[in-house]
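Please read them beside the structure.

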Amino acid sequence: MHLVPHARRAETLTHHELISEWRREIRCKNEECYVKHMEWFEVDKYRAKHVVADWAEFIERAEPYDGVDGSLRPMWKRAVGV
């Protein structure tokens, strides 16, 4: 198992990239399922894996977050205009 540093941030970035494929349903369309799915993405497995892997690799290689408190490093703040 491979652990991604700042995994929650990688997840958030993934969600932002896939926002146009984000879906929410009140009741599952499967009549045999009684679960209320709060969110899901209508995206094929290949694209989903690719997006997650890209953001995980970005975080590992670019190290945009401080290892101590998890804040965005100054160089990255400048890069994104924060």
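The points below go from the whole chain to single residues.

1. Basis. This is a predicted model, in which local features need pLDDT of at least 70, side-chain atom pairs count only at pLDDT 80 or more, and totals for chains, interfaces and linings use all residues. Residues are numbered from 1 along each chain as its sequence is written, and side-chain values use heavy atoms, with hydrogens and water left out.

2. Fold elements. The chain holds three helices and two strands. Their order along the sequence is α-β-β-α-α. Helices (H or I, at least four residues) and strands (E, at least two) are DSSP runs, numbered from the N terminus.

3. Overall shape. Along the principal axes, the C-alpha atoms fill a box of roughly 50 × 30 × 20 Å.

4. Burial and surface. Of the 82 residues, 16% count as buried. Buried means under 20% relative accessible area, exposed over 50%, and partly exposed in between (1.4 Å probe, protein chains only). The chain exposes about 6,900 Å², and carbon and sulfur atoms supply 57% of that area. Areas come from the Shrake-Rupley method with a 1.4 Å probe; for residues, only the protein chains shown count as cover.

5. Contacts. Take the contacts in the chain with a separation of 6 or more: residues 24 or more positions apart account for 45% of them. Contact means heavy atoms within 4.5 Å.

6. Charge. There are 14 positive and 15 negative side chains, and the centres of the two sets lie 3 Å apart. Lys and Arg count as positive, Asp and Glu as negative; His and the chain ends are not counted. Each charge is placed at NZ of Lys, CZ of Arg, CG of Asp or CD of Glu.

7. Aromatic pairs. In one, the rings of Trp55 and Phe58 have centres 5.6 Å apart and planes at 90°, so the pair is edge-to-face. Rings of Phe, Tyr and Trp (its six-membered ring) pair if their centres lie within 6.5 Å; planes under 30 degrees apart count as stacked, over 60 as edge-to-face and the rest as tilted. Trp55 and Phe58 sit three residues apart in helix 2 (residues 45-62), so about one helical turn separates them. Trp55 is partly exposed at 22% relative accessibility. Phe58 is partly exposed at 27%.

8. Trp55, Phe58 and Trp76 form one aromatic cluster.

9. Leu13. This residue is in helix 1 and counts as partly exposed at 21% relative accessibility. Beyond neighbours within four places in sequence, Leu13 contacts Trp55, Ile59 and Tyr65.

10. Glu21. Not counting residues up to four places away in sequence, Glu21 touches Trp40, Phe41, Glu42, Val43 and Arg47.

11. Arg23. Strand 1 holds Arg23, which is partly exposed at 28% relative accessible area. Leaving aside neighbours within four places, Arg23 contacts Met38, Glu39, Trp40 and Glu42. Arg23 and Phe41 are 18 residues apart in sequence and 5.7 Å apart in space, C-alpha to C-alpha.

12. Backbone to check. Most residues other than glycine have a negative phi. His6 has a positive phi near 55°. His6 lies in the segment before helix 1 (7-17) and is partly exposed, with a relative accessible area of 27%. Glu63 has a positive phi near 45°. Glu63 lies in the loop between helix 2 and helix 3 and is partly exposed at 47%.
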